[in-house]
Amino acid sequence: MKRKVILLVLVIVLLISQGLYVYAQEVKVMCLSTGDSYLKFGQEYKIAYVIGTMDTILTMLQTFAPDRYEKYRVEIEGMTANQVIKILDKYLEKNPEMLHYCAPACLLYALDGIIYE
């Protein structure tokens, strides 16, 4: 029962963030945490942010895209939060046109670029 509630909450969070992402793209408004706002976070906040975002991404992939999850699991095994931060920071630095996108989407794009290159 506890697992179902947690999964339901994660799905709701994903749907809300996806809705904000689509809305932000359609009307050019900022979502809760854009790439630009993420870059202004302090290091400790970035660590907490990427850990939470990675947990959500991996849970969603495991639940809804098991093959993609397995590829991610293998490729990111042993990766630290600081490494993920460097990946996202570097991605945003090289892709300034993405600064207005939602930060979790930017993280997914950055990881996809590494995992599927």
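This is a predicted model: local features need pLDDT of at least 70, side-chain atom pairs count only at pLDDT 80 or more; totals for chains, interfaces and linings use all residues.

Me: How do helix H3 and helix H6 cross, and at what angle?

Reply: Helix H3 covers residues 43–64 and helix H6 covers residues 103–115; their axes come within 11 Å and cross at roughly 70°. That angle makes H3 roughly perpendicular to H6.

Me: Which residues meet there?

Reply: From H3, they are Tyr49, Thr53, Met54 and Ile57. On the H6 side they meet Ala103, Pro104, Leu107, Leu108 and Leu111.

Me: And by class, what does the contact of H3 with H6 have?

Reply: There are eight nonpolar residues, one polar and no charged ones.

Me: What does leucine 107 touch, leaving aside its neighbours within four places in sequence?

Reply: Leucine 107 is in contact with Thr53, Met54 and Ile57, and also with Val84 and Leu88.

Me: OK, the core. How many residues are in the largest nonpolar one?

Reply: That core has 24 residues. Tyr38, Met54, Leu92, Leu107 and Leu111 have the most contacts inside it.

Me: Which elements give two or more residues to this core?

Reply: They are H3, helix H4 (66–76), helix H5 (81–94) and H6.

Me: Switching topic: how many disulfides are there?

Reply: The count is zero.

Me: Is cysteine 106 buried or exposed?

Reply: Cysteine 106 is buried, because its relative accessible area is 0% and buried means under 20%.

Notes
Residues are numbered from 1 along each chain as its sequence is written. Side-chain values use heavy atoms; hydrogens and water are left out. Axes are lines fitted to C-alpha atoms, for helices over the stretch in contact, and angles run from 0 to 180 degrees between N-to-C directions. Helices (H or I, at least four residues) and strands (E, at least two) are DSSP runs, numbered from the N terminus. Angles under 35 degrees count as roughly parallel, over 145 as roughly antiparallel, 65 to 115 as roughly perpendicular and the rest as oblique. Contact means heavy atoms within 4.5 Å. Ala, Val, Leu, Ile, Met, Phe, Trp, Tyr, Cys and Pro count as nonpolar, Asp, Glu, Lys and Arg as charged, and the others, Gly among them, as polar. A disulfide is a pair of cysteine sulfur atoms within 2.5 Å. Buried means under 20% relative accessible area, exposed over 50%, partly exposed in between (1.4 Å probe, protein chains only). A nonpolar core is a set of buried Ala, Val, Leu, Ile, Met, Phe, Trp, Tyr and Cys residues joined through side-chain atoms within 4.5 Å.
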